[in-house]
Amino acid sequence: MSTAAKVYLDYNASAPLCAEAADAMQPWLAGRVCNPSSAHRSGQRSRAAVEQARGQVAELLGCPPAAVVFTSGGTEADNAAVWGGLGWPPRGHLVISAIEHPAVMEPAAALRDLGVEVTHVPVDDEARVDPEAVRAALRPDTALVSIMAANNEVGSLQPVEKIAAIAHDVGALFHTDAVQAAAWIDLRPLVAASDLLSISSHKIAGPMGIGALYVRPGLDLAPLVRGGGQQGGRRGGTEATAAMVGFGAACARTLASRDQAVVRVVALRDRLEAMLLDSIEGMRRNGGEPRLPNTCHMSFARCDGNALVARLDLDGIAASAGAACASGVAHASPVMEALGVPAEYLAGALRLSLGYETTAADVDHAIDVVPTAVHALRAAGLEAVR
Amino acid sequence: MARVAVAMSGGVDSSTAAALLREDGHEVIGLTLQLWDYTAENLASGRGRCCSPADIADARIVSDRLDMPHYVFDHSATFEDHIVEPFVQGYLAGTTPSPCIRCNRLVKFDMLWKLARALDAEFLATGHYARLENGAARPQLSKGHDHSKDQSYFLFDVPVERFENVIFPLGALAKDEVRAAARRLDVPVADKPESYELCFIPDGDKDGFVEGRLPTDRRHGGPVRHLDGTLLGHHGGLHRFTVGQRRGLGLTSAEPLFVVALEPETGTLIVGPAEALAAEMLEARACNWVSIEAPTAPLRAAARIRHRHHEVGALITPLGDDRVLVEFDEPQRAVAPGQGVAFYDGELLLGGGWIEGT
């Protein structure tokens, strides 16, 4: 019973390491793996591997390799963009949306404490930012606009290219958190429109603990992590050869498989969603089109989402109640509140997110199990207690 | 073999309860309620208890070692509303609150059972030291075999029908047997020290905790008077005192003086000699009957008026409206309103109620 759930529908939390990345990392996990900055032959081998990986990331992004700064993950990339975008010492005005990931929200809150003014642009009830609302928020001293490419909870895609152009009209920098988008969306047009763009390895089936920030060539960004001058002084710290190599392989695999996966997965997701809507009363789908092809985010009235996730796990389905958070204890999501989800639906969020490996049988199992689970949760009388 | 949900606190007792059920071949699911927000406070002091981040991490490690699923649910808002706030209000009203009894009734044996049902579990198990027999017409709840660890007192207010689906795997064991079982079953927390403080006040500073939540106009103290009316001094706040207390009065007198009563209306602390503490009877309200039907006629029983109190023979007379009069065979010292009184017949927990007055 206690083996991991048979059906994995939590790819937005993390896409399990793909064989391509695991194989590529293998030579760098044992034996004499040396500092890529070392001058000797062993160091040279590490350096070559790191730079080849940087090239693979650059290919996914459609940018020169020198524009790729490796970070410890999406959160660090977002922090580097937001802190760096306001300069050092930080000054000016920052514009973000109401549904940014905490990796943007929290540095913005810290900057506000330091005197930076922050404007949160609201979203409509489909979790979308109106470019004109961004335009209205801009000021002559706006230094940075940061709007995510795809929301991690509901999957809504944002009009990033339009917003970037609007930001550039007043001379502000534009950053987009593309962590959740990378597995499903061609990033090259976004990179072309942006000054800064964040991605994370483990969301595209690479290893955890590694990510990257695209920095437009010519942009002199104040570094977040200072140290031994690695990566051209833009991010201190010895390069993590194995993780970078795995990340590079995952980028190559994403580029090779994404188009086919999108077509296949969107059909599975739409069938899953339609069947659930058909069989469960008091269910709403959150987030409108366009959105990520793999994400199915719903709320059930009078149902406790956390208990639902536990029950589904026992029923063989790994899912999330909204977003996976650090403590493993979910709270009512600020994104749900920003969307204006009615109160009786707030506690009952469920996110099923599909991946490249998801099969029709996986989806059939969810169609079988989720309605029963929702009914059982409602019968248990948990909904009154928060 | 059944599907059993086990309440996991991260301590040795609940961890061993889970391990024993696993050993018996049950399908065991760990449940942890996060009842208190430790993010701001107590992190510096390291380990709190019961649901601090370190303890929840222990529960996760134990569950993984035992190869069982484990889920954490945040019910800190419920705990705040139903337990912590009434605890503070109870002190303000001049009583001595008993939050663990309330928590068992309103949170643990309510919310955990609902969660267990939601997960299709047939039973809920906890690491309480109490013995439970099901099969007769009514569940029979007895003291834990190890009287020094017995926790039956804290269970008197749980609705009896709940016990039909409860298992106490440790009821027949002594604490050292539990630790031995934990070692034998390779439970990682086998040697974890015990904690005795309230889970939401891990540093034990109850006075400071209550004061932190008082409106400023309620923080000042009031007069200390002798039973005979003499003004003896000033106290720092009624919440710092409980009936029978001697320490902290700051009085110098020929005879030893004890807190005899608290008067919230005037903020007065009444003190008197030891003999004034002796009560021959008490009245209890909101009685709950566990192992027997609610009595309709006077009943002989042993009464326990606080945790670790040595029970005393008493005549329990129903007064209607779930109230009883408890007449002790010998006068009892320090009967504190707000505490629970539990009734026993030998090992058997009959029921109990809330002490209102003497």
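Me: What distance separates the centres of domain 1 of chain A and domain 2 of chain A, over C-alpha atoms?
Reply: 27 Å. Keep in mind that this is a predicted model.

Me: And where are the bounds of those two domains in chain A?
Reply: Domain 1 of chain A takes 7–15 + 258–379. Domain 2 of chain A covers 19–253.

Me: How many residues does each put into the contact?
Reply: Domain 1 of chain A gives 23 residues, and domain 2 of chain A gives 24 residues.

Me: Which elements give two or more residues on the domain 1 side?
Reply: Helix 8 (241–279), strand 10 and helix 10 (334–338) of chain A.

Me: What classes of residue are on that side?
Reply: On the side of domain 1 of chain A that touches domain 2 of chain A, there are nine nonpolar, eleven polar and three charged residues.

Me: Switching to the two chains. How many residues are in contact between chain A and chain B?
Reply: 18 residues of chain A are in contact with 19 residues of chain B.

Me: Which elements of chain A give two or more residues there?
Reply: Helix 9 (305–314) and helix 12 (360–379) of chain A. Helix 9 of chain A gives the most, with six residues.

Me: And what is that side made of, by class?
Reply: The side of chain A that touches chain B has ten nonpolar, five polar and three charged residues.

Me: Now helix 4 of chain A. Why does its span agree with its number of residues?
Reply: Helix 4 runs over residues 102–113 of chain A, twelve residues. At 1.5 Å a residue they should span 16 Å, and the end C-alpha atoms are 16 Å apart, so the two agree.

Me: Which of its residues are buried?
Reply: Ala103(A), Val104(A), Met105(A), Pro107(A), Ala108(A) and Leu111(A).

Me: What do those pack against?
Reply: One helix and several strands of chain A. They are helix 3 (74–85), strand 3 (93–97), strand 4 (117–121), strand 5 (142–146) and strand 6 (173–177) of chain A.

Me: What comes just after helix 4 of chain A?
Reply: Gly115(A), with a positive phi of about 105°.

Me: Which peptide bonds are cis in chain A? Start with the Trp88(A) one.
Reply: The bond from Trp88(A) to Pro89(A) is cis, with omega near -5°. Pro89(A) sits in the loop between helix 3 and strand 3 of chain A. Another cis bond joins Glu289(A) and Pro290(A), with omega about -5°. Pro290(A) lies in the loop between strand 9 (283–285) and strand 10 (295–300) of chain A.

Me: What about Ala205(A)? What is its phi?
Reply: Near 70°, positive although the residue is not glycine. Ala205(A) is in the loop between strand 7 (196–200) and strand 8 (211–215) of chain A.

Me: Is Ala205(A) buried or exposed?
Reply: Buried, because it has 26 C-beta neighbours inside 10 Å. The cut-off for buried is 20 or more.

Me: And Ala286(B), what is its phi?
Reply: About 50°, a positive value, and again the residue is not a glycine. Ala286(B) is found in strand 12 (residues 278–289) of chain B.

Me: Why does Ala286(B) count as partly exposed?
Reply: Because it has 13 C-beta neighbours inside 10 Å.

Me: On to the sheet in chain B. In what order do its five strands come?
Reply: 3-2-1-4-7, as an open sheet with parallel pairing. Strand 3 and strand 7 (166–167) of chain B are the edge strands, and each pairs on one side only.

Me: How many bridges join strand 1 to strand 2 there?
Reply: Five, between strand 1 (residues 3–7) and strand 2 of chain B, which run parallel. The chain crosses between them through helix 1 (residues 12–23) of chain B, and this β-α-β crossover is right-handed. In that pairing, Arg3(B) stands opposite Glu27(B).

Me: How covered is strand 2 of chain B?
Reply: Mostly. Strand 2 of chain B (residues 27–34) has seven of its eight residues buried.

Definitions and conventions:
Residues numbered from 1 in each chain as written. Chains lettered and ligands numbered in written order. Predicted model: local features only at pLDDT ≥ 70, side-chain atom pairs only at ≥ 80, totals over all residues. Buried ≥ 20, exposed ≤ 12 C-beta atoms within 10 Å, placed from the backbone. Helix = DSSP H or I, 4+ residues; strand = E, 2+ residues; numbered from the N terminus. Pairing = 2+ DSSP bridges. Right-handed = clockwise from strand over helix to strand, strands pointing away. Expected span 1.5 Å × (residues − 1). Contact = placed C-beta atoms within 7 Å. Nonpolar A, V, L, I, M, F, W, Y, C, P; charged D, E, K, R; others polar. Domains from an automatic or database assignment.
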